[in-house]
Amino acid sequence: LDVREPAEVAAGAIPTAYNIPISSHPDALLLPPDEFESQFGFAKPPPSKELVFYCKAGVRSAAAAQLAKQGGYEKVGEYRGSWLDWERHRGVGSAGKSSPGVEGKKLGEGWERKWDGGGG
C-alpha cells in the first residue's frame, strides 16, 4: 500500500500498489468496508491480508503500519527504503497509476517484514 499523497503518486508508483494517503486519511483502515471502497475505489483489505506499506522515505509507512495494527491487522510489513529505494534500484514505475499494473523489479534491500510475533 502506497501511503503517499495523490500528487506524489502521480509522479510514479510501484506498479502493484494501491494508494491510501495516510496524511489526509489516517483513519482509512478503520472505516467500514463499504465506506472504504466508496472513498478509495477498491475493496478494503480483510484483517487477515498481508499488508506492506511504503511512502517516499519510510516515515509515513511506519505510521501507517502502526495504525493498521491498531485496526486489527496482524500481518503488517514496511518497505523501509520506500519509493526512494525503489527508484534507486531502478524499479519499474508506473507514472500516475495507483492500482495493480505490470510486474516490477524485486523489492530492494530496504524491504523488511515486521510481524507482531517477530522479524523475518
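Entry 1: I started with D34, which sits in helix α2, residues 33-40. This is a predicted model, so I read every value as computed. D34 is exposed, with a relative accessible area of 60%. On the surface I found D34 together with D27, E35 and E37 in a patch of negative charge.

**Entry 2: the overall layout.** Next I stepped back to the whole protein. I noted four helices and four strands, in the order α-α-β-α-β-α-β-β along the sequence. Of the 120 residues, 37% are buried. I also looked up contacts between residues at least 6 apart in sequence, and 60% of these join residues at least 24 apart. The accessible surface comes to about 6600 Å², with 52% of it belonging to carbon and sulfur atoms.

**Entry 3: salt bridges.** How many salt bridges does the whole structure hold? My search gave four, and I wrote down some of them.

- R60 and E8 pair through their side chains at 2.8 Å, N to O. R60 lies in helix α3 (residues 59-70) and E8 in helix α1 (residues 6-10), so this pair ties together parts that are 52 residues apart in sequence. E8 is partly exposed, at 26% relative accessible area.
- R80 and E78 form another salt bridge, at 3.1 Å, N to O. Here E78 is buried at 2%, while R80 is partly exposed at 35%.
- D85 and R88 meet at 3.5 Å, N to O. Both lie in helix α4 (residues 82-88), three residues apart, about one turn of the helix.

Methods:
Residues numbered from 1 in each chain as written. Predicted model: local features only at pLDDT ≥ 70, side-chain atom pairs only at ≥ 80, totals over all residues. Heavy atoms only, no water. Patch = residues over 30% accessible without salt bridge, like charges linked within 9 Å, V, L, I, M, F, W, Y side chains within 5 Å. Areas by Shrake-Rupley, 256 points an atom, 1.4 Å probe, with all protein chains shown as cover. Lys, Arg positive; Asp, Glu negative; His and termini not counted. Charge placed at Lys NZ, Arg CZ, Asp CG, Glu CD. Helix = DSSP H or I, 4+ residues; strand = E, 2+ residues; numbered from the N terminus. Buried < 20%, exposed > 50% of the residue type's maximum accessible area, 1.4 Å probe, protein only. Contact = heavy atoms within 4.5 Å.
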